[in-house]
Amino acid sequence: AARASAATGDSDLLRILAEDAHPNVREAALPGAVALLGVEADALVLAAFIENDPQLFLTATALMEGWEERMPPGSPEGEEAVAALEAALERQTALASATSRDGRVALLTRIGALASPAALERLKAYRHDPDPVIRELVATLLGGPSEAAPGFPPLPLPSFEELRAAEAARVEFEFEGLGTMTFRLLPFEAPTNAVRFYRMAMAGDFDGLTLHRVVPNFVLQGGSPGANEYAGHGAYTRDERGLIGHWRGTLGISTRGWDTGDGQIFVNLIDNLRLDHDYTVFGVVTEGMEVADRIQEGARIIRVEVIDEG
């Protein structure tokens, strides 16, 4: 509805959708609202930072491009915008999550463009952030070298017993109104990613989530707690680019650059061998690819069950 409203020029509906309760609806509505309403949409953009969704932050901060020309650093309007950005940055940082990086980088970048020297000084604490990318960005904004700091704690390495248990297990995804897909994991091909998935499935972390991205003749992707590309599950995992290709029916780890696996997964709908050596393969569909071929965007995962066959 948000995209259609932008295409048809329905600014009234866009105003409503840009304040929707769901962050993904707001994110879809904001670009159209800004295009149609201009500066009248400033309040809608700033209201986005009341949420705590990284994808919404990326879109909203991009729409603030050029604000510094009409809201010079130190001006009342500029200070209001910086305050909204800082509050969102503090909430994202409080999550203590490696996968908050994308949203925090976007927020810091826009603060750097709009903040007065005094406001920039408030970023000093981020010189010691656990994320080296954040530390480098803050060092650039404030001047001076990046400082060393302890990183986020890594996920515990899998034990041999976990690897054997994951290899022996059958994993069933049940989709609402569609049926069941069955997977086998490949823990000796991708140990950390396969066992992370195994642990998450055992804990019920995927139950009730969705497949938010479906690209015909390519992949379907899901498992995000925010039903979007940028909301992940806490820690990053490193890539494990092994010998198995991205054939139809293989399972891969979604990333936004190397070594940024955040718990989201994808299923190859065709042979996507161009993904080899860039994305991890950690499992394979053994039954139910006809279900994958019927899935549409927004399909809900009722449950993920791990069945021990060891």
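In the predicted model, the buried residues of helix α8 are Arg-101, Asp-102, Gly-103, Arg-104, Ala-106, Leu-107, Leu-108, Arg-110, Ile-111 and Leu-114. The helix is thus mostly covered, with ten of its 14 residues buried. Helix α8 spans residues 101-114 and reaches 20 Å from its first C-alpha to its last, close to the 20 Å expected at 1.5 Å a residue. Its buried residues pack against five helices, namely α5, α6 (67-70), α7 (76-94), α9 (117-121) and α10 (132-142).

Helix α5, one of these partners of α8, covers residues 54-62 and includes Ala-62. Ala-62 has a relative accessibility of 47% and therefore counts as partly exposed, since that class lies between the limits of 20% for buried and 50% for exposed residues. Between Ala-62 and Glu-136 there are 74 residues in sequence, and the C-alpha to C-alpha separation in space is 20 Å.

The model also contains an open sheet of nine strands, in the order β3-β9-β1-β2-β8-β6-β7-β5-β4, with antiparallel pairing. Strands β3 (210-211) and β4 (213-215) stand at the edges; each has a single partner strand, so one side of each is left without a neighbour in the sheet. Strands of a sheet pair through backbone hydrogen bonds, either parallel or antiparallel. Strand β5 (residues 219-222) pairs with strand β7 (residues 265-268) in the antiparallel sense, over four bridges. Within this region, Gly-222 stands opposite Ile-265 of β7.

Two helices pack on the sheet. Helix α11 (residues 160-168) touches β1 (169-175), β2 (179-185) and β9 (299-308), and its direction makes about 55° with that of β1. Helix α12 (residues 191-203) touches β1, β2, β6 (250-253), β7, β8 (281-287) and β9, with its direction at about 105° to that of β9.

Helices α11 and α12 are also in contact with each other. Their axes come within 10 Å and cross at roughly 70°. This angle makes α11 roughly perpendicular to α12, because the perpendicular class runs from 65 to 115 degrees. On the α11 side the contact is made by Glu-162, Leu-163, Ala-165 and Ala-166, and on the α12 side by Pro-191, Val-195, Tyr-198 and Arg-199. By class, the residues of this contact comprise six nonpolar and two charged, with no polar residue.

Terms used
Residues are numbered from 1 along each chain as its sequence is written. This is a predicted model: local features need pLDDT of at least 70, side-chain atom pairs count only at pLDDT 80 or more; totals for chains, interfaces and linings use all residues. Side-chain values use heavy atoms; hydrogens and water are left out. Buried means under 20% relative accessible area, exposed over 50%, partly exposed in between (1.4 Å probe, protein chains only). Two strands pair if DSSP finds at least two bridges between them. Contact means heavy atoms within 4.5 Å. Axes are lines fitted to C-alpha atoms, for helices over the stretch in contact, and angles run from 0 to 180 degrees between N-to-C directions. Angles under 35 degrees count as roughly parallel, over 145 as roughly antiparallel, 65 to 115 as roughly perpendicular and the rest as oblique. Ala, Val, Leu, Ile, Met, Phe, Trp, Tyr, Cys and Pro count as nonpolar, Asp, Glu, Lys and Arg as charged, and the others, Gly among them, as polar. The expected span of a helix is 1.5 Å times one less than its number of residues.
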